[in-house]
Amino acid sequence: RSTPKPSSAASDVYKRQSLMSEITYKSPGNIEEFKEYDLFRWNILRKPLGKDISSLKDEYDRSAFHLVGIKNKKIIACGRLHFNTTDEAQIRYMAVSEELQGNGIGKQILKLLENNAIKNNAKKIVLNARDHAIDFYRTLGYKAVEKYNGSDTGIPHTTMEKINLSS
């Protein structure tokens, strides 16, 4: 008798679980890790748009909570959280290596950023999603508020928010 092969869906779940167990999530801990993080962020989000690496930094960068996903000593995902007010946190710079997208890594980064916001008493989280990512955020409880026109990327964005926060 031959052993039945696992279904494709079951095989995909196993691969995803295996991949997720190989990833460590942490804040960059020193100057070298921040340089690697900045380079990753730029390569994924800004370089393809012709933006200079200096365009990464804003007035919140120094006080923000930065998070990276690391696999085999290489950054494969990132996100950042800062506070606009004592009650409102904002998520920015969400990115996952293209070849690893769709495996739950972005969802985990978002969850960890949200947990940090909750721990620091946020009542609301906002973000400006690139329009191709709106459905991703919707599935995680975010609601579209309005079109966002403040991006220097030329890519359409939508402001989204999540009010019912729970860890």
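**Strand β4 and its surroundings**

Reader: How many bridges join strand β3 to β4?

Author: Strand β3 covers residues 74-83, and β3 and β4 run antiparallel. Strands here are DSSP runs of E with at least two residues, helices are runs of H or I with at least four, and both are numbered from the N terminus. Two strands pair if DSSP finds at least two bridges between them. For β3 and β4, the number of bridges is six.

Reader: What kind of model is this?

Author: Residues are numbered from 1 along each chain as its sequence is written, and side-chain values use heavy atoms, without hydrogens or water. Local features need pLDDT of at least 70 and side-chain atom pairs pLDDT 80 or more, while totals for chains, interfaces and linings use all residues, for this is a predicted model.

Reader: Which residue of β4 is the bridge partner of leucine 81?

Author: β3 and β4 form a hairpin, with four residues between them. The bridge partner of leucine 81 in β4 is isoleucine 91.

Reader: Why is strand β4 described as largely enclosed by the rest of the structure?

Author: Buried means under 20% relative accessible area, exposed over 50%, and partly exposed in between (1.4 Å probe, protein chains only). Strand β4 spans residues 88-96 and is largely enclosed because, of its nine residues, the number buried is eight.

Reader: Which residues lie closest to the centre of the largest pocket?

Author: A pocket is an open set of points on a 1 Å grid over the protein atoms alone, where a 1.4 Å probe fits, with protein on both sides within 12 Å along at least five of seven lines. The largest pocket holds about 1,000 Å³ of space. Its lining has 34 residues, and the closest to its centre are Leu45, Met94, Ala95, Ala133 and Tyr137.

Reader: Which element supplies the largest share of the lining of the largest pocket?

Author: A lining residue has an atom within 4 Å of a point. The lining divides into 15 nonpolar, 13 polar and six charged residues. With seven residues, the largest share comes from β4.

Reader: Is asparagine 72 buried or exposed?

Author: Asparagine 72 lies in the loop between β2 (65-71) and β3. Its phi is near 50°, a positive value in a residue other than glycine. At 65% relative accessibility, asparagine 72 counts as exposed.

Reader: What is the phi of asparagine 121?

Author: Asparagine 121 sits in the loop between α3 and β5. At 51% relative accessibility, asparagine 121 counts as exposed. Although asparagine 121 is not a glycine, its phi is positive, about 70°.

Terms used:
Grid points are joined across faces, edges and corners, and a volume is the space filled by probe spheres set on the points. Ala, Val, Leu, Ile, Met, Phe, Trp, Tyr, Cys and Pro count as nonpolar, Asp, Glu, Lys and Arg as charged, and the others, Gly among them, as polar.
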